[in-house]
Amino acid sequence: MALDVIRNYPPRQEYRRMWNWMLLGLESNRVIGLRMAKLMGGGKAARREAQLMVGEKIFAAAKAGKSLMAGASADKIVEQYRRKVAANAKRLSRRPTRRKRK
């Protein structure tokens with residue numbers, strides 16, 4: 001009987017969950033590095049990034065809590081975080097554009 005349970009258990013779902021968690025960690029690490037570089041540059045851009053970062057974290061935590069209370073799975077919440085982390089990575093890795101002076 002135990003062998004039947006093991007044979008019929010679909011491991012792909014567990015691997016996908018583990019993969020999503022692992023990717024979230026790796027992608028977050030990249031964003032942390034990009035943010036640190038921006039913060040070390042100082043100035044208005046660093047101040048703006050720090051304010052944006054804190055605001056995003058508060059909003060993301062509230063959204064995750066709301067999703068949990070609505071019955072969302074941990075996988076769905078990880079997907080929400082991964083979308084936000086991907087958007088941050090894209091924004092932070094863009095080259096800054098210089099404005100022309102008139």
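This is a predicted model: local features need pLDDT of at least 70, side-chain atom pairs count only at pLDDT 80 or more; totals for chains, interfaces and linings use all residues.
I started with the fold: read along the sequence, the protein chain runs α-α-α-α. That comes to four helices and zero strands, where helices (H or I, at least four residues) and strands (E, at least two) are DSSP runs numbered from the N terminus.

Residues are numbered from 1 along each chain as its sequence is written, and side-chain values use heavy atoms, with hydrogens and water left out.

**Whole chain**

I looked up burial next. Of the 102 residues of the protein chain, 18% count as buried (buried is under 20% relative accessible area, exposed is over 50%, partly exposed is in between, with a 1.4 Å probe and protein chains only). The accessible surface of the protein chain is about 8,900 Å², and 61% of that belongs to carbon and sulfur atoms; areas come from the Shrake-Rupley method with a 1.4 Å probe, and for residues only the protein chains shown count as cover.

I also checked contacts (heavy atoms within 4.5 Å). Among those between residues at least 6 apart in sequence, 63% join residues at least 24 apart.

**Salt bridges**

How many salt bridges does the count come to? I got six, taking a side-chain nitrogen of Lys or Arg within 4 Å of a carboxyl oxygen of Asp or Glu. Background for the page: side chains of opposite charge can pair when their charged atoms come close.

R17 is partly exposed at 29% relative accessible area.

R82 and E27 also meet in a salt bridge, at 3.0 Å, N to O. R82 lies in helix α4 and E27 in helix α2, so the pair ties together parts 55 residues apart in sequence. I have E27 down as partly exposed, at 25% relative accessibility.

Then I went to E49 and R91, which meet at 2.8 Å, N to O. E49 sits in helix α3 (residues 43–69) and R91 in helix α4, so this pair ties together parts 42 residues apart in sequence. Is E49 buried or exposed? E49 is buried, with a relative accessible area of 1%, while R91 is partly exposed at 21%. I also found E49 and R91 in a network of salt bridges with R35, E56 and K84.

**Y81**

I put Y81 in helix α4, and Y81 is partly exposed, with a relative accessible area of 30%. Leaving aside neighbours within four places in sequence, Y81 is in contact with L24, A60, A61 and A64. Y81 and A60 are 21 residues apart in sequence and 7.5 Å apart in space, C-alpha to C-alpha.

**Surface patches**

Patch rule: residues with over 30% relative accessible area and no salt bridge, like charges joined within 9 Å, nonpolar side chains (Val, Leu, Ile, Met, Phe, Trp, Tyr) within 5 Å.

W19, M22 and L26 make a nonpolar patch of about 330 Å². M22 lies in helix α2 (residues 11–41) and is partly exposed, at 42% relative accessible area.

K38, R48, K90 and R94 form a positive patch. For charges, Lys and Arg count as positive and Asp and Glu as negative, with His and the chain ends not counted; the place of a charge is NZ of Lys, CZ of Arg, CG of Asp or CD of Glu. I found R94 in the segment after α4 (74–93), exposed at a relative accessible area of 57%.
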